[in-house]
Amino acid sequence: MNFAELNLADLIGAVLGLVFTLSIFSYILGDNMLFRIASSIFIGAAAGFAVILSIYNVLIPQVIVPLLEGDSSNMILVFIPLLLSLLLVFKLSPKLSGLGNPSMAFLVGVGVAAVIGGAITGTIFPQSLATIHLFGKSSEGSSGLGIFRFIESSIILMGTITTLVYFHFSARQKPGQYPRRWEPIEWLSWIGQCFIAVTLGVLYAGVLLSALAALVERVSFLWKLVESMYMIGF
Amino acid sequence: MSDIRCPMCGKTNPEQEEICQFCQARIKPLLVNYDENESDQSIKSEDEFEATDSGIPDWLRNLRQDESRELFGNEDQGFSAEKNSSTDFDENQTWLSDLRSDQRDESDESEEYDFSSSGEEGNIEDDDSFPDQEIPEWLKNIRSQPADSEIDDQKFGAETYQPPFVESESDEVVPNQQDHFLPEASSFTSISDRYEPKQDVSDDVDEKIDDEYDWVSEFVELEKENDKQPDMQSFPGSLEKIEDSQEIPDWLADLASYNETDTPHKEDVIPEWLSGDQLINEQVSEVFYSPGNDYQEQTPEWSDEPLQSPGAEESETDEPIPEFFQGTIPPFTVDIENFIGDEFPEWLDSAPAHAVQDIDGSVLEDDARIQRGDLPDWLQAMRPVETISSGHSIVTEQDNRIESAGPLIGMQGALPAEPDIARAKKTPVYSSRLQVSEKHQLQANLIEQIIKSEGEPVAMHGKPILATQQFLRIAIFTCLFLALLVPMVLGIPKAPPNQFSPEAFMLSRLINQLPGNAPVLLAVDYSASLSGELDAASLPVIDQLMIKGANLTIVSTIPTGPMQAERLIQLANQVGGHKYQMSIQYDNLGYLPGGVTGLLGMAELPRQLFPYNLLGELAWQDSRLSGIYRLADFSMILVLTDDPETARTWIEQVQPELGDTPLGFVVAAQVEPVIAPYLADSAKQIQGLVSGLSGGYSYEILMVRPGIASNYWSSYSVGVLVVLILVIGISLFNGGIQLINQTRKMGHKEQS
């Protein structure tokens, strides 16, 4: 990035980027006005952009235009979701919120059905089959990694089973004692707890790496900006 | 067989029963069974009464006949006071009208009658002949009381309980009772005659009258004189005394004498309201209210009031006068003379004077006729024997108080307003202090202190300029910032990746296998916050697709996704030197609303969900998308996302609809652990993955086209190292501090 090569819009964007970046970095010194201003601007700009985009990218092409220019079949197809959408407006009124219940019921019902169906067909069955196929022939057909693959598959199987066992909370209570699961279940759940801890650690590491990558991008932006300004004599 | 109804419980009993089988109240009068002589005497008296009937005026004969019918004619009902008390006002008016009419007829003939011979005196003496063992105690007490020297103070006591019939006799009667009370009064007086020693009570009454009512004493003296000299010639002299002393007109004197003779018990236990004055009032009222009377127009207005007053209802219902009312009601006879004055017409002077002699003899007849045993059973049962026998007087004390203020000033016996009833009392003052124990007081003080401490301002400690957390934050930022900046400034050579990412290699191979101008769906579902990482990771992939000449169709499930996609394409053009333009090499269909259901709908019907592109043009009429009707028609689906949930939604909702169409992901580092299982050999739900900056750098190495990821790699590597050092170092530091603290605690415990 070279300031000399930037047009006015890019130059303004670069300067605003510098200001907002430093404003966000000011949070290191504590919560301050610059940080809050920058945060508010980002949130407001994103919300405003979402509204404009919804109007121009959703309402006009998918509701208004079919009602004005579409044939009767399209109008009927549009009228039903439009009616349900208008009923949702009554949710703003406590007295008339009941009129929006059909729309909410439709949305919730369809959404839950889609999620459950997708989870079953997209995660549970495929992942169960994948766990079963771990000890089968590999997709690549190589047999040289058999022992390591067996170990890997065994670890995955153990991790899957022990993690499921960890969430088994049924227990019996003996007189004078705390409720306690069966001893083998306790051991398996402890192993599952270890797997869960490793998984959460990996997720945290991924979040940390993503944040570090974003920081690298911002530091690089700042350095290039300073470097460009230095090169053009600022 | 007729049954007798018990006056107390109302249940029927056989006729021969004397006592109620249910409530043990006496059904038949005691006197009937006392002595056969008494009944004979009663019969004898009746005969004598009939024998002397010829000398009695018609109106009195009718009256006596009515009474005799009540007393003797109907033995089943006997002396039923219920009947008397429940007698309709109309009936009273009837006999009163008869009486009035008779009185008018007799006004000219009354002088011819001689009532001196009654022959009933023997009946009075028969009362004393009753065997003592059959007389109840209350009656004995009553008899003994008049002989007591202190009876004056007791018998007139206002608070002494008296039975209703005694109250009616001894107490004052509301004036408005006079119209229909007259027959009952005669009955009651007859009863009192039988139960009271005549001479004693009359003496008591005389003493009382002498003490309280001087003018009444005149009447009493007049009565005595009339008794001694029933001749009409003696009345003027007596009335002169009254006129001189009380200024009573002649007609009233005659009327008084007439009523005194009309009253059959002028010397007996006649209560004050029945003695003379009351009967005068009754007679006056009769005269005034008799229909057809020529002098009705002269009737004063006050005479109407008693008839309309509520007291008349009480007399009709025959309810006993309550105790609080006894002694507080002024005797009506006291005020009658004030109301009568001299305004009475002269015609009243003559008629009552003749009536004195007429009724003089009938008094004895009533005494002889009304026997002691004729008391109705209900009255026997209601008689408070114990109360009377305990020494209470049956005669109430008259109220001697005279009003000293107000509109009733000068009146005697008026209802006391202030001293007794509405006595002003000072409101008692109670202590508002709670009676609590010492423990409660201590607890209350403690709570009070706590509440007070809540309201007291607490001095704020000075906030340190640099807190520990803030110091750590600045220190960590400084370390990271320097670690990232130094490689950029110094130009440290890039370290090669430890190994090529197999997932990136798989995706690169898929892209390489795509045909030229293959339709590729590019989903840009990452936000601006992680654009630095996603841009670096996705640019080499986009660059490869552009190199392959893929027709990109861009969609997004987040609102900022379309703008992020435009920026990415421009950045790819800038970095890779491409010239991709919307509607020529790529189409941006824009934002896909609906989340999960939106993705599901797009997987099945993409044309209906995206009829127009971001520029408002019809998207699917372009030749590049002419053959696309569902997502499976695309050659490849590439999803760029920084959200694990979005990545999983794409896999769950879209991947099952894709069939053989490969699905690749370019994700942030934080998403990789979530979608890695879908990339495994056993699952193969996704066919390629580029994860984070390391995946992008690896992809650039594979493509031998360094890009943004390569520029960031040196700083990123140093930054990861510094982060790793900081994580390990700070973890060790915290662990050491905790270990030291535990050691100190153990040492303290051992020492203690």
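Here are some questions and answers on a predicted model, covering parts of chains A and B.

User: How many residues does chain B have, and what percentage of them is buried?
Analyst: Let's start with the make-up: chain B has 32 helices and 8 strands. Its accessible surface is about 36000 Å², with 52% of that belonging to carbon and sulfur atoms. As for burial, the chain counts 752 residues, and the buried share is 51%.

User: Among chain B contacts between residues at least 6 apart in sequence, what percentage joins residues at least 24 apart?
Analyst: A contact here needs heavy atoms within 4.5 Å. Take the chain B contacts whose residues sit at least 6 apart in sequence; the share joining residues at least 24 apart is 77%.

User: Is strand β7 of chain B mostly covered or open, and how many of its residues are buried?
Analyst: β7(B) spans residues 663–667. On one side you've got B:Leu663, B:Phe665 and B:Val667, on the other B:Gly664 and B:Val666, and all are buried. So both faces are covered, given that buried means under 20% relative accessible area. The strand is mostly covered, and the buried count is 5 of 5.

User: Which residue is the bridge partner of B:Ile637 in β7(B)?
Analyst: β6(B), residues 636–641, pairs with β7(B) in the parallel sense over 5 bridges. Within the pairing, the partner of B:Ile637 is B:Leu663.

User: Is B:Ser714 buried or exposed, and what is its relative accessible area?
Analyst: B:Ser714 lies in helix α32, residues 708–751. Leaving aside neighbours within four places in sequence, B:Ser714 is in contact with B:Pro487, B:Ile492, B:Pro493 and B:Lys494. Buried means under 20% relative accessible area. B:Ser714 is therefore buried, at 9%.

User: Over in chain A, what is the relative accessibility of A:Ile116, which counts as partly exposed?
Analyst: A:Ile116 is in helix α4 of chain A, residues 101–132. It belongs to a nonpolar surface patch of about 860 Å² accessible area together, whose members include A:Met104, A:Phe106, A:Ile120 and A:Phe125. Partly exposed covers the range between the buried limit of 20% and the exposed limit of 50%. A:Ile116 counts as partly exposed because its relative accessibility is 46%.

Definitions and conventions:
Residues are numbered from 1 along each chain as its sequence is written. Chains are lettered from A and ligands numbered from 1 in the order in which they are written. This is a predicted model: local features need pLDDT of at least 70, side-chain atom pairs count only at pLDDT 80 or more; totals for chains, interfaces and linings use all residues. Side-chain values use heavy atoms; hydrogens and water are left out. Patches are made of residues with over 30% relative accessible area and no salt bridge: like charges are joined within 9 Å, nonpolar side chains (Val, Leu, Ile, Met, Phe, Trp, Tyr) within 5 Å. Accessible areas come from the Shrake-Rupley method with a 1.4 Å probe; for residues, only the protein chains shown count as cover. A salt bridge is a side-chain nitrogen of Lys or Arg within 4 Å of a carboxyl oxygen of Asp or Glu. Helices (H or I, at least four residues) and strands (E, at least two) are DSSP runs, numbered from the N terminus. Buried means under 20% relative accessible area, exposed over 50%, partly exposed in between (1.4 Å probe, protein chains only). Two strands pair if DSSP finds at least two bridges between them.
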